[in-house]
Amino acid sequence: MSKNANAVTKWKTSTIVVSCILVVVTTFYALGVGWKTTENAPASPDTALSLWTDNAEAKNKLVSYMNAITEESDADYIPPENRIAVFDLDGTLFCETDPNYFDYTLLVYRVLEDKNYKDKASDFEKETAQKIVTLNETGKAAKGLEVDHGKAIASAFKGMTVGEFNDYIQKFKQLPMPSYDGMKRGEGWYKPMLQIVDYLQANDFTVYIVSGTDRFIVRGIVYDSPLNVPNRQIIGSDETLVAPDQGDTDGLSYVYDDDDKLVLGGDFVVKNLKMNKVTVIAQEIGLQPVLSFGNSTGDASMAEYVTSNNPYKSLAFMLCCDDTERENGSQEKADKMFSLCEEFDWVPISMKNDWKTIYGDGVTKK
C-alpha cells in the first residue's frame with residue numbers, strides 16, 4: 001500500500017473515532033449524565049442561604065443534614081424520590097398576622113368592606129367577620145372560630161368559578177399591608193424561608209405546602225409569587241366544588257357535560273389543622289415526609305408524624321416569632337415555642353437572631 005493510501009486510511013480511522021466520541025458525549029449530556037460543570041451544580045449553602053446568619057443553629061443543622069442525606073455512600077442517604085418536605089404557610093413562609101391571617105382578613109374585607117357584596121352577606125357571615133374584628137382588637141378568639149371562618153369563606157364566595165375566586169384574591173393582594181411600609185398584602189413572604197425552599201428543591205426535594213388556610217386561597221397567595229410550588233403540591237382546608245346546574249343532585253348521579261364549569265359549592269368540608277394535617281399528608285402525598293417546617297401547635301402533629309418511626313433521617317423545624325421590631329412578633333408566643341422545641345426535639349428558628357432580613361430592605365414596620 002502506498003504512503004498516500006496509508007495516510008488516507010489513518011485519517012478515516014481518526015475521523016470515525018472522533019465522531020464516535022462526540023456521539024457518546026452528546027448522548028450522555030442529552031440524558032443528563034456524565035461530566036458536571038460548576039455552572040449546573042447547586043449553589044453552596046453560604047450562597048443559597050445568604051439571608052441567614054452564620055451562627056444560625058437551624059441553618060447549620062439543615063446543611064449538615066443535607067450533606068448526609070445526599071451522599072450516596074453515607075448511611076443516612078435518602079433517594080431523591082423519598083426527599084419530601086412539608087411546610088405550613090402562615091407564620092412559616094408568609095406573614096401570619098397583620099392584624100390576622102390572610103384568609104381571616106380576606107373574609108372581613110369581603111363581608112364588611114366590599115361594596116359589591118357586604119349588603120348581600122348573611123347574618124352568619126357578618127357575625128363571623130365581627131368575631132375576627134373582636135379578635136384583632138382584644139386578642140381573644142371566640143370558641144369555634146376556625147371552623148366558623150371556614151364555613152363563612154365557603155358561603156361568601158359561593159358560585160364563583162375557581163378562576164374568579166383567584167382573580168378576587170389577586171386584587172386583594174394588591175392592598176397595602178396596614179402595619180408595614182413598602183409591602184402589599186400579597187408580598188408578605190419570609191425571604192429567608194424562600195431560600196430554604198429553593199435550597200431543598202436544588203437538592204431534589206419535592207416541597208408541599210400543608211396549610212390550615214383554604215386550599216384555593218393558598219393557591220391564590222402562591223400564584224404569581226416568588227414561591228415555586230405548583231398547585232398539585234398545595235394542600236389546605238377544603239370546600240365543595242359543584243357544577244352550576246347540579247343543584248342538590250349528588251355527584252354520583254349528576255353527569256358533567258361540555259356546558260358545565262366548576263364553581264364553589266358554598267359548603268365547608270374540613271379545617272386542615274393539627275391531626276388533620278397528618279391524615280391529609282397520608283392521603284394526598286402517600287409517603288412519609290422527612291422534613292417538616294411549621295410555627296405553632298397546629299403544626300405539632302405534622303412535626304411528630306415526620307420525625308416518628310421514620311425509616312429515613314428526619315427533622316422538624318419550628319419558627320419562633322421573637323422579632324418585634326421588624327415583624328409583628330410576640331415574645332410570649334416565641335418563648336412557648338422555644339420550650340416546645342426543647343421538649344419535642346424540634347429545631348427552633350429565631351426570626352430575630354437567625355435572619356438578616358425578613359421581608360427585604362425596602363420594607364419597614366410602622
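How many nonpolar, polar and charged residues does the lining of the largest pocket have, by class? The lining has 14 nonpolar, 13 polar and 14 charged residues. The legends below refer to a predicted model.

**Figure 1. The chain as a whole, in a predicted model.** The secondary structure comes to 12 helices and nine strands. The chain has 366 residues, and 45% of them count as buried. Among contacts in the chain with a separation of 6 or more, 70% are made by residues 24 or more positions apart.

**Figure 2. The largest pocket, with a volume of about 1,000 Å³.** The pocket is lined by 41 residues. Nearest its centre lie Glu96, Tyr101, Glu146, Ser296 and Lys333. At least two lining residues come from each of helix 4 (102-113), helix 5 (123-138), helix 6, strand 3, strand 7 (315-320) and helix 12 (331-344). Helix 12 gives the largest share of the lining, six residues.

**Figure 3. The edge-to-face pair of Phe157 and Tyr168.** The structure holds 15 aromatic pairs. In this one the ring centres are 5.2 Å apart and the planes stand at 75°, so the pair is edge-to-face; the angle is over the 60 degrees required. Phe157 lies in the loop between helix 6 (145-156) and helix 7 (162-173), while Tyr168 belongs to helix 7, so the pair ties together parts that are 11 residues apart in sequence. Both Phe157 and Tyr168 are buried.

**Figure 4. The tilted pair of Tyr190 and Tyr359.** The two rings are 5.8 Å apart centre to centre, with 45° between the planes. Tyr190 sits in the loop between strand 2 (180-181) and helix 8 (191-202). Tyr359 is in the loop between strand 8 (347-350) and strand 9 (364-365). The pair links distant parts of the chain, 169 residues apart. Tyr190 has a relative accessibility of 1% and therefore counts as buried. Tyr359, at 6%, also counts as buried, because the cut-off is under 20%.

**Figure 5. An aromatic cluster, and an arginine over a tyrosine ring.** One aromatic cluster is formed by Phe94, Phe102, Tyr109, Phe157, Phe165, Tyr168, Phe172 and Trp189. Phe157 and Tyr168, the edge-to-face pair, are among the members of this cluster. In a separate arrangement, Arg110 lies over the face of Tyr117, at 4.0 Å from the ring centre.

**Figure 6. Helix 10 (residues 275-284) and the elements it packs against.** The buried residues of helix 10 are Lys277, Val278, Val280 and Ile281. An α-helix has 3.6 residues a turn, so residues three or four places apart point the same way. The buried residues of helix 10 pack against strand 1 (84-87), strand 3 (206-214), strand 4 (234-242) and helix 11 (300-307).

Figure 7. Ile217 is 20 residues from Ser237 along the chain, and the C-alpha atoms of the two are separated by 9.3 Å.

**Figure 8. The cis peptide bond between Asp98 and Pro99.** Omega is about -10° for this bond. Pro99 lies in the loop between strand 1 and helix 4.

**Figure 9. Positive phi at Asp204 and at Asp345.** Asp204 is not a glycine, yet has a positive phi of about 65°. Asp204 is placed in the loop between helix 8 and strand 3. With a relative accessibility of 45%, Asp204 counts as partly exposed. Asp345 is not a glycine either, and its phi is positive at about 65°. The loop holding Asp345 runs between helix 12 and strand 8. Asp345 has a relative accessible area of 65% and is therefore exposed, since the cut-off is over 50%.

Conventions: Residues are numbered from 1 along each chain as its sequence is written. This is a predicted model: local features need pLDDT of at least 70, side-chain atom pairs count only at pLDDT 80 or more; totals for chains, interfaces and linings use all residues. Side-chain values use heavy atoms; hydrogens and water are left out. Rings of Phe, Tyr and Trp (its six-membered ring) pair if their centres lie within 6.5 Å; planes under 30 degrees apart count as stacked, over 60 as edge-to-face and the rest as tilted. Helices (H or I, at least four residues) and strands (E, at least two) are DSSP runs, numbered from the N terminus. Buried means under 20% relative accessible area, exposed over 50%, partly exposed in between (1.4 Å probe, protein chains only). A charge sits over a ring if NZ of Lys or CZ of Arg is within 6 Å of the ring centre and within 35 degrees of the ring normal. Contact means heavy atoms within 4.5 Å. On a 1 Å grid over the protein atoms alone, a cavity is a set of points where a 1.4 Å probe fits but cannot get out, and a pocket is an open set with protein on both sides within 12 Å along at least five of seven lines; lining residues have an atom within 4 Å of a point. Grid points are joined across faces, edges and corners, and a volume is the space filled by probe spheres set on the points. Ala, Val, Leu, Ile, Met, Phe, Trp, Tyr, Cys and Pro count as nonpolar, Asp, Glu, Lys and Arg as charged, and the others, Gly among them, as polar.
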